[in-house]
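Here is a friendly walk through some ring contacts and some backbone details. Have the viewer open as you read along.

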Amino acid sequence: MTPPETPVSQFASADRLTPYRAGWIHFTNVAPILDSLLLPPGVTAITGVPTQMNAALLSGQVDIANISAVEFIRNADVLEALPDFSVAVLGPVYSVNLFHTRPLEELRRVALTAQSAMSVALLEVLLRGRGLSPTLERAEGEAETLLAQGFDGVLRIGDSALREWYGVVGPLTPETTMTGLPHAARGITVTDLAEEWFRLTGHPFTFAVWAYRKDNPPPPELVQVMREARRDGIGHLAAVAERHARKLGLPERVVQHYLWNFRYHLEAPDRLGLHEFAAKAVPGHAPLTFGPRPGEERTRSAAD
């Protein structure tokens with residue numbers, strides 16, 4: 001599914017000359033948060049892929065975004081994150097995958113997507129952890145197409161990666177489960193990078209946080225409706241999964257398992273994994289800072 005490039009919501013407020021601007025990466029993995037989100041007056045939103053929203057936040061085009069954790073880490077001197085929002089998993093994520101035709105130790109050329117700095121940084125950490133250094137090249141396209149063109153490995157992310165993963169290891173039958181599906185078929189192995197991270201560290205992996213510039217925190221009204229939308233989405237997960245399964249052309253069981261697998265609250269284990277990844281990926285980074293916890297939001301005047 002390709003995220004739309006046009007604004008998804010637009011509200012104006014008479015008492016706010018400059019709207020607070022949000023930038024959403026609206027992949028399926030955040031559907032339980034964003035699908036039912038109604039922005040309060042004075043807030044606007046656009047959507048895009050991870051690298052677009054990373055750049056939009058850092059350039060000031062948007063004021064808050066669910067950005068790649070690695071960009072939050074790299075820019076921790078100017079960015080702060082909401083304390084209770086994340087896209088994290090403990091174990092497999094199913095949508096950040098390295099498709100490869102050789103064992104990891106024998107990889108020579110790996111195609112990287114330009115859509116995600118996070119997945120590339122994670123792959124680099126995992127390869128270094130194994131003492132591996134294949135050639136990494138930018139190339140876009142479906143995994144099987146790029147493998148046929150001579151790459152030994154192809155890194156794919158997001159909804160496309162989920163569909164392509166299922167295309168290789170599926171189908172599900174009434175007797176099988178998502179966790180029981182194979183990791184290889186038809187000469188292609190699918191290595192789930194979040195699962196590899198868990199094997200390396202024993203911690204969850206946090207792919208994204210909701211970040212903003214330290215000097216421009218979000219209005220409490222926006223954070224509150226985000227929390228309400230998350231409660232609604234998680235409370236109606238089957239309906240969310242059914243809707244997105246139709247869009248993706250995947251079985252509802254696959255999408256429901258995919259969504260209930262995520263950790264959306266940036267809890268202590270998720271922060272632990274985030275700090276460990278920060279140390280491995282960006283040595284010497286500035287301290288990671290997080291906003292006030294629920295019920296302790298600063299007013300805009302207090303933050304100035």
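A charge counts as sitting over a ring if NZ of Lys or CZ of Arg is within 6 Å of the ring centre and within 35 degrees of the ring normal. Arg-271 meets this for Phe-290, lying over its face at 4.1 Å from the ring centre. Arg-109 does likewise with Phe-151, at 4.2 Å from the ring centre.

Before going further, a word on the source: this is a predicted model, in which local features need pLDDT of at least 70 and side-chain atom pairs count only at pLDDT 80 or more, while totals for chains, interfaces and linings use all residues. Residues are numbered from 1 along each chain as its sequence is written, and side-chain values use heavy atoms, with hydrogens and water left out.

**Aromatic pairs**

A pair of aromatic rings is described by the distance of the centres and the angle of the planes. Here, rings of Phe, Tyr and Trp (its six-membered ring) pair if their centres lie within 6.5 Å; planes under 30 degrees apart are stacked, over 60 edge-to-face, and the rest tilted. Searching the whole structure on these terms gives ten aromatic pairs. In one of them, Phe-205 and Phe-277 have ring centres 5.0 Å apart and planes at 80°, so they are edge-to-face. Phe-205 belongs to strand β12 (residues 205-213) and Phe-277 to helix α11 (residues 268-281), so this pair ties together parts that are 72 residues apart in sequence. Helices (H or I, at least four residues) and strands (E, at least two) are DSSP runs, numbered from the N terminus.

Ring pairs also link Phe-205 and Phe-277 with Trp-197 and Phe-207 into a cluster.

**Burial**

Relative accessible area sorts residues into buried (under 20%), exposed (over 50%) and partly exposed (in between), with a 1.4 Å probe and protein chains only.

| Residue | Relative accessible area | Class |
|---|---|---|
| Phe-205 | 1% | buried |
| Phe-277 | 1% | buried |
| Tyr-94 | 5% | buried |
| Arg-186 | 54% | exposed |

**Backbone details**

Most residues other than glycine have a negative phi, and most peptide bonds are trans. Tyr-94 has a positive phi, near 75°, and is found in the loop between β5 (79-89) and β6 (96-100). Arg-186, not a glycine either, has a positive phi of about 55°; this residue lies in the loop between β10 and β11 (188-192).

Which residues does a cis peptide bond join? They are Gly-170 and Pro-171, with omega at about 5°. Pro-171 is placed in the loop between α6 (158-169) and β10 (184-185).
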